[in-house]
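Hi,

Here is the structure I promised to pass on. Have a look at it first, and then read my notes below.

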Protein chains: 2
Amino acid sequence: MSNKPGFGKSCVVLLSGGLDSATALYSARKKGFSPVCLIFDYGQRHKREIASAAKISRAAGCPYKIVKISLPWQGSALLDKNLPIPVPGQRNKLKGSGAQQLSGSAGIPSTYVPARNTIFLSFALSFAETIGAEAIFIGANAIDYSGYPDCRPGFYRAFEKVISVGTKAGVERRKIRILTPLIGLTKAGIIRLGTDLGVPYELTWSCYRGEARPCGKCESCFYRALGFKQAKLQDPALRAK
Amino acid sequence: MSNKPGFGKSCVVLLSGGLDSATALYSARKKGFSPVCLIFDYGQRHKREIASAAKISRAAGCPYKIVKISLPWQGSALLDKNLPIPVPGQRNKLKGSGAQQLSGSAGIPSTYVPARNTIFLSFALSFAETIGAEAIFIGANAIDYSGYPDCRPGFYRAFEKVISVGTKAGVERRKIRILTPLIGLTKAGIIRLGTDLGVPYELTWSCYRGEARPCGKCESCFYRALGFKQAKLQDPALRAK
């Protein structure tokens, strides 16, 4: 097994520029795949994650494509600058090791983008089918996460069924699997795995606010800090500042 | 039940500008829904269907949104102007009443766009969830059709499962159904239904070649002509020329 891209079966990796998807990319390489990254410019207010994703892709020596989507509706604090980005403490019903540190009133947070992962996977599927890739990697995680329904294992199994019945590849019995190597890991576990794999965490961007520096307050910053703390590692992105 | 939009439960209608989706829109109205149309500008070579879709939406008195997608890959004769548009007789394995009139070598035709309906449905789902719509209408048809795998009933059932497990609406038990009122109709049956419903077929565009007039030769023109012939009706789009 080579750690260099260009060998092995091809796969599409959904790369957001965050910590999880960067780890998923390096996991795909480690498993012997030859990844092509797919990056989305979908009007997210933390647009700077796109530049991070491109840098990570280049660091891993993998080609990437950017898909530009203009959603003519909003419905999410990640898209609508008039809505506040929630901070931990504003809501409850979170699951996982960080949950007890958060309290509040609502279930799924306002940063949920309706059907976002369904949209991302559908593009990844179109691309995978076009290039003959055998798998789609997504850095979804259902432990230390924000409670988004499209980050849970059942969603990915349901989407695999869509692939098998709704594509030419499926009809011709060429399987395109959805692989979620981080789904059962804690944030600390992801960071330990990524550190072993040499993920350049200093290039990743997690903060939902797209400002010059991470805010340190939003849920995404919260889980990142919790993960590094529990992994007993220093966040190289902070060190790099 | 009112035939005017603005009453009833809201729904999203995927409107391509062709005969089938226009009939699906009028079926949705007839069923008492208040439709909002979703039109895609995805780099199709028959781009003029977009203008047709907008006209149909206005004729039905329904609002519409246009989603612009730039796919950074091709893999389909509908996207790639260097590939020929197949004509009936170039392939076999078609099913339905028109199938016996076609012969050739391949199964799914080169006009198949990888995962196109999955992409369209995922946007429709995002929109439906955002506006609180209860259904998504799509004019898919599995009788007189081109053999696309994402036009078959099993695909839509699989996608409904994705909705129920992968969205906030699903988690909160607000059902978003995918309705395919034309799935079991012949092309002639669709045209008879649409004629009863007052669908302005003179505004629809079916030809895969985006030229000034329908080519009359591609599969889409073939099925349209077959449908009008079997319904014993004249195609008003031809009369309008």
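What follows is what I found in it, going from the whole assembly down to single residues.

First, the ground rules. This is a predicted model, so to speak of local features I need pLDDT of at least 70, and side-chain atom pairs count only at pLDDT 80 or more, while totals for chains, interfaces and linings use all residues. Residues are numbered from 1 along each chain as its sequence is written, and chains are lettered from A and ligands numbered from 1 in the order in which they are written.

**The two copies**

**The fold**

Chain A has eight helices and five strands, in the order β-α-β-α-β-α-β-α-α-β-α-α-α along the sequence. Those elements are DSSP runs numbered from the N terminus: helices are H or I with at least four residues, strands are E with at least two. Of its 241 residues, 54% count as buried. For burial, I count other C-beta atoms (placed from the backbone) within 10 Å of a residue's own: 20 or more is buried, 12 or fewer is exposed, and in between is partly exposed. Among the contacts in chain A with a separation of 6 or more, 75% come from residues 24 or more positions apart.

**The sheet in chain B**

I followed the strands in chain B, where pairing needs at least two DSSP bridges between two strands. Strand β1 (residues 10–14) runs parallel to β2 (residues 34–41) of chain B, with five bridges between them; Leu14(B) has Leu38(B) as its bridge partner. The chain gets from β1(B) to β2(B) through helix α1 (residues 19–30), in a right-handed β-α-β crossover. Right-handed is meant like this: with the strands pointing away from the viewer, the path from the first strand over the helix to the second runs clockwise.

β2(B) also pairs in parallel with β3(B) (residues 64–70), again over five bridges, with Phe40(B) partnered by Val67(B). Helix α2 (residues 48–59) of chain B sits between these two in a right-handed β-α-β unit.

**The core**

Which residues touch the most other members of the largest nonpolar core? They are Ile136(A) and Ile136(B), in a core of 146 residues. Such a core is a set of buried Ala, Val, Leu, Ile, Met, Phe, Trp, Tyr and Cys residues joined through C-beta atoms within 7 Å. Leaving out residues up to four places away in sequence, Ile136(B) touches, among others, Cys11(B), Val12(B), Leu121(B) and Ile178(B). In soluble globular proteins, nonpolar side chains tend to be buried together.

**The interface**

Across the interface, 37 residues of chain B are in contact with 37 of chain A. On the chain B side, β3, α3 (116–131), α4 (153–166) and α5 (168–171) each give two or more residues, and α3(B) has the largest share with ten. By class, that side has 20 nonpolar, eleven polar and six charged residues (Ala, Val, Leu, Ile, Met, Phe, Trp, Tyr, Cys and Pro count as nonpolar, Asp, Glu, Lys and Arg as charged, and the others, Gly among them, as polar).

β3 (residues 64–70) of chain A and β3(B) run antiparallel, joined by three bridges, and Ser70(A) stands opposite Lys68(B). Thr130(B), in helix α3 of chain B, is in contact with Trp73(A), Gly75(A) and Pro114(A), setting aside its neighbours within four places in sequence. With 19 C-beta neighbours inside 10 Å, Thr130(B) counts as partly exposed.

Cheers

Note on methods
Two residues are in contact if their C-beta atoms, placed from the backbone, lie within 7 Å.
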